[in-house]
Amino acid sequence: MKAKRWYQLHLILGIFGSSFLLVIGITGSLLVYGKEIQSILSPIEITSNAHRLSFDELYREFKRQVPQGSIAGWLVSDLKNQPDQIWFHDRNIPSKENVYLLDPYHGKIIGSLKEDRSDSFYGFLLVLHYSLFMGGIGYFITGCFAIVYLLLVFTGIKLYKRFWKSLIRLRWKESSQILFSDLHKFVGINAVWFHLILGITGGWWSIRDTIIRTYPEEKLVHGLWSQSKSIDQLIINCENQIENFRLGYISFPHHSEEEPIGFYGNSYDSKGWESRYGSYILFNADSNQMIRFVDISKEALINQILDAFRPLHFGTFANHISKIIWVLFGLTPAILSVSGIMVFYQKRKNKRRYLNQRTQSNELGSFVQR
């Protein structure tokens, strides 16, 4: 394919995906420190003690404060001054699911959110970033745009094969078209590794969850777990199976009697490339018998790579060092979107000016000949 065709393909993809890149770039960059920003914008007073209450104690305290219903999921906070989040189905309103904020040190409910948490700053960014507030269809659309994102990367690489010539070139004193063109190349070339990571990880999740996996229609069943059963004992069983097990999320049975209770997490001494929920154990909710056991550190290489997508996408693998880098590079899709549009606009503007001048010159020549 000739260079002109590659340019046209890159241009069409850029025009088609520019708005998406602008939104995804800004929201993604903010999401890296989304929880910390949320705690500043909506501070929640939690007096942290030396130790959390046991999960059995927290379960009893939670059930004492809420109406009749069932817990679907329990997200354990990874920050000491932040509450746990509990997804709860109200028995009297089957279609309603709230997310309650539970103080893990005193067992008090200190607030609630919508099911998708979109009424919080962090939840709003998350829903916008992943589904554009369009539900499952929006999630599929973001996956399609992730493919467009990757195609933009590959066509850009093809266009600028001699990238070393533009690696650090920014001609500030030239025309705006040249400046925006240099900026577009500079950002695109220096952040190409970052674009590949985001495009591959984000695209895989979206395609996996909308095409590869199938989700049957959910049927809500109450009373599948009660406070007479011990959550703490099952956590001990997890710790016996996975050394230094650190719990991140509990999935409670709420669809059918055969549904297990699941404990998801990783090890306290796990590598930065392991996600927070990569290891898990599923138990029979009645007999406490272990049904499935996965220690991600002992899984096949392909499973470990797929699990590493989460820390890679969010930039959490090296704590604040990687997070700061991800915040800065997370803005590059937005910069590419704006600079690409400006290059296109300036080229069209200069072309129209040239055509007008040529037309005027031809008209003047015809007038002189008369």
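The exercises below concern this predicted model.

**Exercise 1. Strand pairs and the setting of β5**

Task: State how many bridges join β2 to β3, β1 to β5, and β5 to β6. Then decide whether β5 is largely enclosed or largely open.

Solution. 
- Step 1. Strands β2 (residues 84-90) and β3 (residues 97-102) run antiparallel and are joined by six bridges. Within this pair, N98 of β3 stands opposite F88.
- Step 2. Three bridges connect β1 with β5, again in the antiparallel sense. L75 has Y249 of β5 as its bridge partner.
- Step 3. On β5 and β6 (residues 261-267), six bridges are found, and the sense is antiparallel. Here I250 is partnered by F263 in β6.
- Step 4. A residue is buried when its relative accessible area is under 20%. Five of the seven residues of β5 are buried, so the rest of the structure largely encloses this strand.

**Exercise 2. The cover of helix α4**

Task: Decide whether helix α4 is mostly covered or mostly uncovered, and find which helices its buried residues pack against.

Solution. 
- Step 1. Helix α4 spans residues 121-131, and eight of its 11 residues are buried. The helix is thus mostly covered.
- Step 2. The buried residues are Y122, G123, L125, L126, V127, H129, Y130 and S131.
- Step 3. Their packing partners are α1 (3-32), α2 (34-41), α5 (135-159), α7 (192-212) and α9 (301-314).
- Step 4. L132 follows the helix, and its phi is positive, near 55°.

**Exercise 3. A nonpolar patch and a buried glutamine**

Task: Identify which helix supplies the largest share of the nonpolar surface patch. Then classify L22 and Q346 as buried, partly exposed or exposed.

Solution. 
- Step 1. The patch covers about 480 Å² and is made by L22, V23, I26, L30, L331, I335 and V338.
- Step 2. Both α1 and α11 (332-369) supply at least two of the patch residues. The largest share, four residues, comes from α1.
- Step 3. L22 lies in α1. Its relative accessibility is 34%, so L22 counts as partly exposed.
- Step 4. Q346 lies in α11. Because its relative accessibility is 10%, Q346 counts as buried.
- Step 5. Leaving aside residues up to four places away in sequence, Q346 touches S176 and Q177.

**Exercise 4. Salt bridges**

Task: State how many salt bridges the structure holds. For the pairs K35 with D78 and K229 with D286, find where the partners lie.

Solution. 
- Step 1. A search of the whole structure finds six salt bridges. Side chains of opposite charge can pair when their charged atoms come close.
- Step 2. K35 and D78 meet through their side chains at 3.6 Å, N to O. K35 is in helix α2 and D78 in the loop between β1 and β2, 43 residues apart, and the pair links distant parts of the chain. K35 is partly exposed at 32% relative accessibility, and D78 is partly exposed at 45%.
- Step 3. In the pair R208 and D209, the closest N and O atoms are 2.9 Å apart. D209 has a relative accessible area of 16% and is therefore buried.
- Step 4. The side chains of K229 and D286 form a salt bridge at 3.6 Å, N to O. K229 lies in the loop between α7 and α8 (231-241), and D286 lies in the loop between β7 (279-283) and β8, so the bridge ties together parts 57 residues apart in sequence.
- Step 5. K229 is partly exposed, with a relative accessible area of 23%, whereas D286 is exposed, with 61%.

Notes
Residues are numbered from 1 along each chain as its sequence is written. This is a predicted model: local features need pLDDT of at least 70, side-chain atom pairs count only at pLDDT 80 or more; totals for chains, interfaces and linings use all residues. Side-chain values use heavy atoms; hydrogens and water are left out. Buried means under 20% relative accessible area, exposed over 50%, partly exposed in between (1.4 Å probe, protein chains only). Contact means heavy atoms within 4.5 Å. Two strands pair if DSSP finds at least two bridges between them. Patches are made of residues with over 30% relative accessible area and no salt bridge: like charges are joined within 9 Å, nonpolar side chains (Val, Leu, Ile, Met, Phe, Trp, Tyr) within 5 Å. Accessible areas come from the Shrake-Rupley method with a 1.4 Å probe; for residues, only the protein chains shown count as cover. A salt bridge is a side-chain nitrogen of Lys or Arg within 4 Å of a carboxyl oxygen of Asp or Glu.
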